[in-house]
Amino acid sequence: MARNKEIPDVLAHYMEVCGETERWITVYEFRTYFHLDESSAHAISGFLHRIYERSFFSYPYRVKKIEKIVVHIPQRRCINRYLVKKRP
C-alpha cells in the first residue's frame, strides 16, 4: 500500500516515466501501473484533489481539471479523471 507521504514522489515518477508535461490519469490507471492495492485509492484521489484545490510551492505538478466519466464495464459507475500538468 502506498502511504500518503509516498504518493507525491510516486506521482512525480509516473509523470517523468510518461515523458509528458500534461496527462489525463485515473486512480485505477495509477494503481495498476504501480501494482498498488485498492486500499490506496482514497489516499491517491485525496492527494490529487489537494493539488487541484491548491498547489504546493515545492511540488512541480498540479491538477488543472477534474472530469467525471461514466463507465459501463462491468457495471455503470462514475469515475474521476485528473488532468495533471507540470508547473512552469
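Two strands pair if DSSP finds at least two bridges between them. Helices (H or I, at least four residues) and strands (E, at least two) are DSSP runs, numbered from the N terminus. The model is predicted: local features need pLDDT of at least 70, side-chain atom pairs count only at pLDDT 80 or more, and totals for chains, interfaces and linings use all residues. Residues are numbered from 1 along each chain as its sequence is written, and side-chain values use heavy atoms, with hydrogens and water left out.

Strand S3 (residues 77-86) runs antiparallel to strand S1 (residues 22-26), to which 5 bridges join it. In this pairing Arg 23 stands opposite Val 84. S3 also pairs with strand S2 (residues 61-71), again in the antiparallel sense, over 10 bridges. Here Ile 66 is opposite Tyr 82 of S3. S2 and S3 form a hairpin, with 5 residues between them.

Helix H1 (residues 7-18) has 12 residues, which at 1.5 Å a residue should span 16 Å, and its end C-alpha atoms are 16 Å apart, which agrees. The expected span is 1.5 Å times one less than the number of residues.

Buried residues (under 20% relative accessible area, exposed being over 50% and partly exposed in between, with a 1.4 Å probe and protein chains only) of H1 are Ile 7, Pro 8, Leu 11, Ala 12, Tyr 14 and Met 15. They cover an arc of only 160 degrees around the axis, which puts them on the same side of H1; the arc is taken from the directions from the helix axis to the C-beta atoms. Asp 9 and Glu 16, on the other side of H1, are exposed.

The buried residues of H1 are covered by elements including S1, helix H2 (27-34), helix H3 (41-53), S2 and S3. After H1 comes Gly 19, with a positive phi near 75 degrees.

Terms used
Contact = heavy atoms within 4.5 Å.
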